[in-house]
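Here is my note for your first look at this structure. Please keep the 3D view open and follow each point in turn.

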Amino acid sequence: MSNRNKRFVLIFMSLIVLSICLAACGGNKTNNTPAATVAPTDAPTDRKLTDALGNEVTIPANPQRVIASYLEDHLVAIGIKPVAQWSVPNGIQDYLHDSLADVPTIPYDLPFEAVTSFEPDLILMAYDANVEGDKFAQYSKIAPTFTIGDKLIADWRATLLKVGEVFGKSAEAQKALDEYDAKAKAAKEKLQSAIPGESAAALWFVQGNFYIVSEKLSSGDLLYNQLGLTVPEVVKEVSATGTGNWNAISLEKLAELDADHLFLVNSGTDADSQALSDPIWKNIPAVKNGKIYEYPSTSSWLYAGTIAYSQVIDDVLESIVK
């Protein structure tokens, strides 16, 4: 082959190679964007948080199968549906039915086998006792386990914010609180206008016994601190020595109850309801004056949280503000 022909062949081959390269580059133009130009994402990542007992817990980026027994009010408030819900032999938190109707139950003491069967990817514990002894280690083998703790759980507002923090939903938790506070404030104004200065008390009747709500805890905090109703002297007296949210009170002591309005959560049965027919009960001023408002055990009065208390506010307004 002459030198001239050799040069021609080389030039021709070079042009073919060049055209192939150009075609390849053109074909991949939209798929080979340099990494530096890709917009950043805010995909959630695993986080390490220290719980109330000092355990460093790795929280999954986006937990899908959550067990948080007795913390369901707070979960629902921030838009999370658990894989199982708290229960005791005689019931569940019925007031959450609209949100948890299709959620199966799990015993309140969270047996290891039951927890394992739900294949959770995160477990939230309310109380220290839930993980006492070697329980924390046992639960942690099933899924990451985070304890809110006795100290914090006593404050339902702080508990909601902590639950929000655990799930990376602090903004949602704060929004739920803000909306609730606005509702409570509006309700207080309505009550002050409708029954200025009037008093109220809440009673729980169960197994033939009466319990009166504490002045500063549970529904008592709602009635007196948030809604501004006057505290009866009997409530002050019992609260001074009582230690629970609801404290036992005798029928004889109830005869001294000087409340203008009385809210009764009736968990009694036909067998033990005779106390509600006793002359002493019928002569309590609020009962005698028809200012008693009765609610079933399925109501939210025995619980705490933005959802529970929001329903209690509805009950109070419906009963008193005509």
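**Notes on a predicted model**

1. Start with helix α10. Its exposed residues Ala-240 and Thr-241 sit on the face turned away from the helix's buried side. Please keep in mind that this is a predicted model.

2. Now turn to the other face. Helix α10 spans residues 233–241, and its buried residues are Val-234, Val-235, Val-238 and Ser-239. Why do they lie on the same side of α10? They cover an arc of only 125° around the axis, so they share one side of the helix. An α-helix has 3.6 residues a turn, so residues three or four places apart point the same way.

3. What covers the buried residues of α10? The cover includes three strands: β9 (200–206), β10 (209–213) and β11 (246–249). It also includes the helices α9 (218–226) and α11 (251–254).

4. Look next at Phe-210. This residue is found in strand β10, which is part of the cover over α10. Is Phe-210 buried or exposed? Its relative accessibility is 4%, and buried means under 20%, so Phe-210 counts as buried.

5. Check the surroundings of Phe-210. Leaving aside neighbours within four places in sequence, its contacts include Leu-203, Trp-204 and Phe-205. Asn-247, Ala-248 and Ile-249 are also among them. Phe-210 and Ser-250 are 40 residues apart in sequence, yet their C-alpha atoms are 6.7 Å apart in space.

6. Move on to His-261. This residue lies in strand β12, which covers residues 261–266. His-261 counts as buried because its relative accessibility is 3%, and the cut-off for buried is under 20%.

7. Which side chain makes a polar contact with that of His-261? The partner is Glu-198, at 2.5 Å. Not counting residues up to four places away in sequence, His-261 also touches Ser-199, Lys-291 and Tyr-293, among others. Ile-195, Ala-286 and Ile-320 are on that list too.

8. Finish with a sheet. It is open, has 3 strands in the order β3-β7-β8, and its pairing is parallel. Which strands stand at the edges? They are β3 (66–67) and β8 (145–147). Each has a single partner strand, so one side of each is left without a neighbour in the sheet.

9. Zoom in on one pair in that sheet. Strands β3 and β7 (residues 122–125) run parallel and are joined by 2 bridges. Val-66 stands opposite Leu-122 in β7. In general, strands of a sheet pair through backbone hydrogen bonds.

Notes. Residues are numbered from 1 along each chain as its sequence is written. This is a predicted model: local features need pLDDT of at least 70, side-chain atom pairs count only at pLDDT 80 or more; totals for chains, interfaces and linings use all residues. Side-chain values use heavy atoms; hydrogens and water are left out. Buried means under 20% relative accessible area, exposed over 50%, partly exposed in between (1.4 Å probe, protein chains only). Helices (H or I, at least four residues) and strands (E, at least two) are DSSP runs, numbered from the N terminus. The arc is that of the directions from the helix axis to the C-beta atoms. Contact means heavy atoms within 4.5 Å. A polar contact is a pair of N or O atoms within 3.5 Å; within protein, one must be able to donate a hydrogen and the other to accept it, and residues adjacent in sequence count only if both atoms are side-chain atoms. Two strands pair if DSSP finds at least two bridges between them.
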